[in-house]
Amino acid sequence: MIEARGASLTFRDIPGLAHVPAMLHSLLALLFLLYCFIGTNAFSTSSLSQRLEGNPLDRVVVLGMAMLAILVLALHRQAVPGMMLRSLGVFAIAGIALVSMLWSDFPGLTLRRAILMGCYTLITAALAAGVRDLRSAHTAFCWGITAIIILNLIVVFAMPSLGVDELGAKGLYSQKNVAGMVAMAAVLATATWTARGHRDGIDILFGLAMTAIGIAFLLLTRSKTSIGLTFGAMAILGVLAFAARSGPIVALSVLMIGFAGVFAGLVFLIAYDFDMTAITVLLFGDASFTGRDELWAFAQKAVFERPWLGHGYGAFWDVGPGADPLLRFEPGSWLGDVELGLINQAHNGYLQLGIELGIPVTLLAVFTTVCLIVRGTLLCLLARMPRGTAAGFAYMTAMLVLYLLHNFTEASLFMRGIVLCNIVLPMMFLLARGRDLLPSPAERSFHRMGRLP
């Protein structure tokens, strides 16, 4: 903004500069997409020492994007106050992560890793603030992530020594579970775009092709968690689509059933004292769940060592060979014999965040995410909007539900640099904007008449 004799001018008021805000936002979105899904060191499986020291190039790239994000936020400042007010929980968690250096076991590591989380929060907030048309943003994301999936497939088939290991296809990533998360995000993005976003035959064919490409890579990863969550989410989205088309009474009934299911799930967890081993036995008949039972028991014990404030953000795992938490195990169990640095998370996001920032912050993270899911669900079922906009809200709401479910077996809940966290953060801010992204009544009428794309 430029001040002139008390009057405020924006770039849109200056000939030749009207497109600068949109161009800078698009540049930030492209950089973030490339960083999230390709990164600065593809195919890498970093060692403990590398994770401890961090990647200098990563720092330069993230700080550069953060500086660009500040400019984008300034240019789209009209969207910022409402978005911040409705996503205070997200900013609070990033702030507490930084403050936790005061009680951290490793203050230097916490400071560095919390700054990184703060940069991600700033970048994704800027991405959300700059979105003016959710349908266009959804379309651009679908094309972008499909291009990433195609690149992964090329690596899998052209360079199998790099893109495939004994567990499954990993493409550009360090392991199959990361590849599965990316494929899950791609399949749901393109499926919602195809099913609810378009009626034109050519668009539907393109959408079906993009979805098929994503499913192919998802199946090649053999990531059971991502495969199960993806097809479960598609079934739930089908029910929500039916409810939205059947009128407000059916929509509200489905919404109430959903809330009842969430409440029943919470009662179920409380009844089992959040004992993941007992729940795993009941659901899967396997107490170990690929050896996670011992890890979960250890993580739960670590949570209750410091239940209120935690050990400090990023100050439990990857803290150095002499301080690795698994050194507490006696030889004889698989965790006591495992190579140091091989296990660097609790494989449960709720336990992981509880270890680092305490139980209250973990509850805040869950509460914030659930509130945004409710907001997205209400918009999908009750707000009047074009099909393309509804597709965007449906996709983001589904991804937040999967985010909570995924964290029962993996750790990505507000964890810096994890692919799923990177994907979900901008969606949280977009859902916080909510009604700001709905077209005006005049625009909705043009959509119905087919005069707008």
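Biologist: How do helix α7 (residues 134–158) and helix α18 (residues 387–406) lie to each other, oblique or roughly parallel?
Modeller: In this predicted model, the axes of α7 and α18 come within 8 Å and cross at roughly 60°, where helices are DSSP runs of H or I with at least four residues and strands are runs of E with at least two, numbered from the N terminus. The axes are lines fitted to C-alpha atoms, for helices over the stretch in contact, with angles from 0 to 180 degrees between N-to-C directions. Angles under 35 degrees count as roughly parallel, over 145 as roughly antiparallel, 65 to 115 as roughly perpendicular and the rest as oblique, so α7 is, relative to α18, oblique.

Biologist: Which residues of α7 make the contact with α18?
Modeller: Contact means heavy atoms within 4.5 Å, and on the α18 side the residues include Gly388, Phe393, Tyr395 and Met396. Residues are numbered from 1 along each chain as its sequence is written, and side-chain values use heavy atoms, without hydrogens and water. Local features need pLDDT of at least 70 and side-chain atom pairs 80 or more, whereas totals for chains, interfaces and linings use all residues. On the α7 side, the contact is made by Leu134, Arg135, His138 and Phe141.

Biologist: Are α5 and α17 roughly parallel or roughly antiparallel?
Modeller: Helix α17 (residues 359–382) packs against α5 at an angle of about 155°, with the axes 9 Å apart. Here Gly89, Val90, Ala92, Ile93 and Ile96 in α5 meet Val361, Leu364, Ala365 and Thr368 in α17. The two helices are therefore roughly antiparallel.

Biologist: Is Thr124 buried or exposed?
Modeller: Thr124 lies in helix α6 (residues 107–129) and, leaving aside residues up to four places away in sequence, touches Phe32, Asn422, Leu425, Pro426 and Phe429. Its relative accessible area is 0%; under 20% is buried, over 50% exposed and in between partly exposed (1.4 Å probe, protein chains only). Thr124 is therefore buried.

Biologist: Which element has the lowest mean pLDDT?
Modeller: The pLDDT is the predictor's confidence in each residue, from 0 to 100, and its mean over the protein chain is 82, with 75% of residues reaching 70 or more. Over residues 1–7 the pLDDT is below 50, and this stretch has eight contacts in the model beyond near neighbours in sequence. Where pLDDT is low, the predicted coordinates should not be read in detail. Helix α5 (residues 88–99) has the highest mean among the elements, 96, and the lowest, 42, belongs to strand β1 (residues 2–4).
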